[in-house]
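This briefing covers a sheet, its strands and the nonpolar cores of one protein. Look at the sequence and the structure first, then read the points below.

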Amino acid sequence: MRHGTLRSPDYRGVPVIPPDHPRYRSLVTRERLAEYARSGVVAMEGLTSHGRGEAFDYLIGEQTTATARLAEQTAAAMLMSARHPVISVNGNTAALAAPEIAALQKACGALVEVNLFHRTGQRVLQIEEILRNAGADVYSGEAERLLPLTHDRAWCRREGMYSADVILVPLEDGDRCEALIGMGKKVIAVDLNPLSRTAKTATLTVVDEVTRALPEIAKACLELSPADRNRLLASLDNHYLLSEAIREITLRLSHALD
Ligand code: PTJ
């Protein structure tokens, strides 16, 4: 399986999705997720998460909005100013964006750690391998049940997520975000749904598709000056960013049939 390229998975020696299909990119992404679900990397439940994400991506026009770009720059400022930044990766994120995770790690120096809701030892190893094959340096020490959660997202590494001050959590469910905030950490969410519990709980939410968001954050990490970073951090207002994301969606909907 190749990562980061838009190749149609070819089970029988014939391309399943013709490249001239108007929804080629979206269909190939679905095929990729389905294949990863069959191999156990993506949880079956992750397919429904992807469908929800697709629906919200339609609503923002399948593009990075002005508000998302501001959030991406602010995310870069948070990562670059952190003492111990960590990028948390689950099955969906690894399947969709392993090369983008590796590139962001290179740009900001964060530690990359796998953290799963539907956790099995086998899935952790599979996802770590995908990340390593994509060029990421994965932190994979002994995991312990360290986060105040009753489900398996509680498992993390003492020197990793548990000690982090800033954590990037793409495609998250709300519980852990809340727990991390309760532990005094700053959480950056990447979530196409501006109404989700994660989006509302995080310190900063990037309402953008993960494969668009991560390269924008990486680019900003390399480009922002210390003065830019300070300005972005001083004006961080997640309520404003979410209201603007909802306003952009409402505006698009009101002109949808023009
Ligand atoms: O791999 P595991 O076991 O850790 O499980 C991962 C999933 C994704 C199943 C788990 O975290 C989960 O159930 O997540 P939720 O609660 O469905 O939330 C995922 C959020 O990500 C939803 O609000 C979606 O709108 C959003 N989302 C889905 N795909 C994308 C996305 N946001 C950005 N880019 C996407 N491609």
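Two strands are said to pair if DSSP finds at least two bridges between them. The model described here is predicted. In general, strands of a sheet pair through backbone hydrogen bonds, either parallel or antiparallel.

**The sheet**

- Five strands make up an open sheet, with parallel pairing, in the order β2-β1-β5-β6-β7.
- Strands β2 (111-114) and β7 (204-206) are the edge strands, and each of them pairs on one side only.
- On average, neighbouring strands of this sheet are turned by 20° against each other, direction ignored.

**Strands β1 and β2**

- Strand β1 covers residues 85-89 and is joined to β2 by four bridges, the two strands running parallel.
- The bridge partner of S88 in β2 is E113.

**A helix across the sheet**

**The nonpolar cores**

- The largest nonpolar core contains 50 residues, and I87, V89, L104, I127, L131 and I188 have the most contacts inside it.
- Helix α4 (residues 91-108) gives the most to this core, namely ten residues.
- Leaving aside residues up to four places away in sequence, V89 touches A94, I101, V112, E113, V114, N115, L116, I127 and L131.
- A second core is separate and has 17 residues, among them C156, M161, V187 and A189.

Key:
Residues numbered from 1 in each chain as written. Predicted model: local features only at pLDDT ≥ 70, side-chain atom pairs only at ≥ 80, totals over all residues. Heavy atoms only, no water. Core = buried A, V, L, I, M, F, W, Y, C linked by side-chain atoms within 4.5 Å. Buried < 20%, exposed > 50% of the residue type's maximum accessible area, 1.4 Å probe, protein only. Contact = heavy atoms within 4.5 Å. Axes fitted to C-alpha atoms, helices over the stretch in contact; angles between N-to-C directions.
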